[in-house]
Amino acid sequence: MEDDNCPPRSALYAFPPIGVGTADVESLTSYFCRLAVAHCVSSTDLLHRISKTCGWSAPPKNFWKDVNLGGMGDVAERYACALSAMTSVERLDLLTLRPWRNVIAKSSKAPATTRWCAACFEEDLVQGGMPYFRLAWDVGDIDVCAKHGTRLPDACSDCGRTGARNNAACVVPGWCCYCGAPLGRVQEAHASASAAETWKAAQVGQLLAAQASIISAPDRGAMMERVRKLIDQLDDGMSARFARRIGSNKSTVHYWFKQGVPTLAAHLRIASQTGVSLLALLTGCVDGEIPCLRETPSLAELFPDYKKRASPRRSDSSHVEEQMDELHQSDDAVSVSDASRRLNVHRRRLYRLDNAKAHIIGAKWLEQQRHRSEQHRLEAARAIEAAVADILSSGKAPNLREVQQLVSREVLGGVRGLFAMIQEASAKIEESKSATLP
Ligand SMILES: [Zn+2]
Ligand SMILES: [Zn+2]
């Protein structure tokens, strides 16, 4: 007898992905890491298992650094198919940017490091779910969370290391993969985003929300036809004038019409300067709508470094050096990555301009992180001692589970050697008890 309620057998758990059809859709990287956690194996073990099952060569050593599972490339397609086959969960390509491969250039900016939104992680925990990585965090042109209006950090606030999100063999989404500290702690330093950055993130969010409902991958020809219409409507059919409008070269626009595909940044420039939404531009879902130029940010707001690239300003150096001086003398420690973002120059340029000062800025940050982590440990030790005293007075034996019930995860997170700390606290209390006995 056939049982219709029985799901098909699969090699891996049929794990439902999170947020499909919303701007908060999960990335394939996240799905992969959660799947490994669910099977109690490391991400590396799961990678090897998939490679073996599919007959692929072993994955490269720096897999997580070199490969973007959520991108538009073929590797995203391969892994989405393999995981779909092994979990029997269909359309895992919806956790990647593959649906846009025909209309967005694959050379679009990729994020230099893995980022996250602490407020999103925090929300996941409050709602009782498992934290997960959003696909939007892996879109290189987006630096902010559209929902919370904050910049996406890329370094753990406890140990200061980048790549803390998923750059290791064992990944538990939401916790630093080096020191184990929760990444969902909202820091004041997570600067709020500008209106232009939030606009970009919201436009991309619309795409991600829509990708589950588009039937076939949008077509390049139809997209370029819409660009042609915009040029006719707004610039009397003159592509050179249109190129100026969107801050591009006219040869670039010509190239698109011949064979090329605009990058995501170019699409955002077109959308912002024509008043058509990014989604409408790529899918034509509101074709025929009259473009509206109200409430879209200017090019300079959207791409502050774009202008700079067009006319490099070498004389900036003294200004940057002055600001480096300020950072170097200030009590407020920042990482070199953060400093480079604040001063709007590449990290490498900071080192080139003043190697010693850049090193001091970095060392000050590391020292502050070390101090914070020490403070964190002291705070945990005090809390553990109080908890152990409570447990002993109630006649129970202090162990990790009992302590975890009394001390919050915030306080214990990221602290190494908890067992030893509990034993130490017990011994100390017993000792002081025997000393006070007559
Ligand atoms: Zn967020
Ligand atoms: Zn850390």
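Predicted model: local features only at pLDDT ≥ 70, side-chain atom pairs only at ≥ 80, totals over all residues.
The protein chain comprises 438 residues, of which 45% are buried. Its C-alpha atoms occupy a box of roughly 100 × 80 × 40 Å along the principal axes. The secondary structure consists of 20 helices and 2 strands. Of the contacts with a separation of 6 or more, 68% are made by residues 24 or more positions apart. The chain is divided into domain 1 (8–216), domain 2 (218–309), domain 3 (316–367) and domain 4 (370–436). Between the C-alpha centres of domain 3 and domain 4 the distance is 39 Å.

Helix α6 (195–210) contains 16 residues, which at 1.5 Å a residue should span 22 Å; the end C-alpha atoms of α6 are 23 Å apart, in agreement with that value. The buried residues of α6 are Ala196, Glu197, Trp199, Lys200, Ala201, Gln203, Val204, Gly205, Leu207, Leu208 and Ala210. These buried residues pack against β1 (144–145), β2, α10, α11 and α12 (299–302).

Helix α7 spans residues 220–235 and has 16 residues. From its first C-alpha to its last, α7 reaches 22 Å, close to the 22 Å expected at 1.5 Å a residue. Met223, Met224, Arg226, Val227, Leu230, Ile231 and Asp235 are the buried residues of this helix. Viewed down the axis of α7, the buried residues fall within an arc of 150°, and they therefore line one face of the helix. The elements that cover them include α8 (239–245), α9 (250–258), α10 (264–274) and α11 (278–283). At the N-terminal end, α7 is capped by aspartate 219, a side-chain oxygen of which lies 3.3 Å from the backbone nitrogen of glycine 221. Just after the helix, aspartate 236 adopts a positive phi of about 50°.

Positive phi values also occur in two loop residues elsewhere in the chain. Cysteine 40, which is not a glycine, has a positive phi of about 55°. This cysteine is located in the loop between α1 (28–38) and α2 (43–54), and cysteine 40 is exposed, with 72% relative accessibility. Serine 88 has a phi near 60°, again a positive value in a residue other than glycine. The loop that holds serine 88 runs between α4 (74–87) and α5 (118–126). With a relative accessible area of 31%, serine 88 counts as partly exposed.

Aspartate 154 lies in the loop between β2 (150–151) and α6 (195–210). Its relative accessibility is 8%, so aspartate 154 counts as buried. Apart from residues up to four places away in sequence, aspartate 154 touches Thr113, Thr114, Arg115, Trp116, Arg161, Thr162, Gly163 and Arg341. With one of these, threonine 113, the side chain of aspartate 154 forms a polar contact of 2.9 Å. Aspartate 154 and asparagine 399 are separated by 245 residues in sequence and by 35 Å in space, C-alpha to C-alpha.

Glutamate 402 belongs to helix α18 (residues 400–406). Its contacts, leaving aside neighbours within four places in sequence, are with Ile391, Lys396 and Ala397.

The number of disulfides in the model is 0, where a disulfide requires cysteine sulfur atoms within 2.5 Å. Cysteine 81 is in no disulfide, and the nearest cysteine sulfur, that of cysteine 54, is 9.4 Å away. Cysteine 177 is likewise in no disulfide; for this residue the nearest cysteine sulfur belongs to cysteine 176, at 5.8 Å. In terms of accessibility, cysteine 81 is partly exposed at 46%, whereas cysteine 177 is buried at 18%.

How values were computed. Residues numbered from 1 in each chain as written. Chains lettered and ligands numbered in written order. Heavy atoms only, no water. Helix = DSSP H or I, 4+ residues; strand = E, 2+ residues; numbered from the N terminus. Expected span 1.5 Å × (residues − 1). Buried < 20%, exposed > 50% of the residue type's maximum accessible area, 1.4 Å probe, protein only. Arc of directions from axis to C-beta. Contact = heavy atoms within 4.5 Å. Polar contact = N/O pair within 3.5 Å; in protein donor to acceptor, adjacent residues only side chain to side chain. Domains from an automatic or database assignment.
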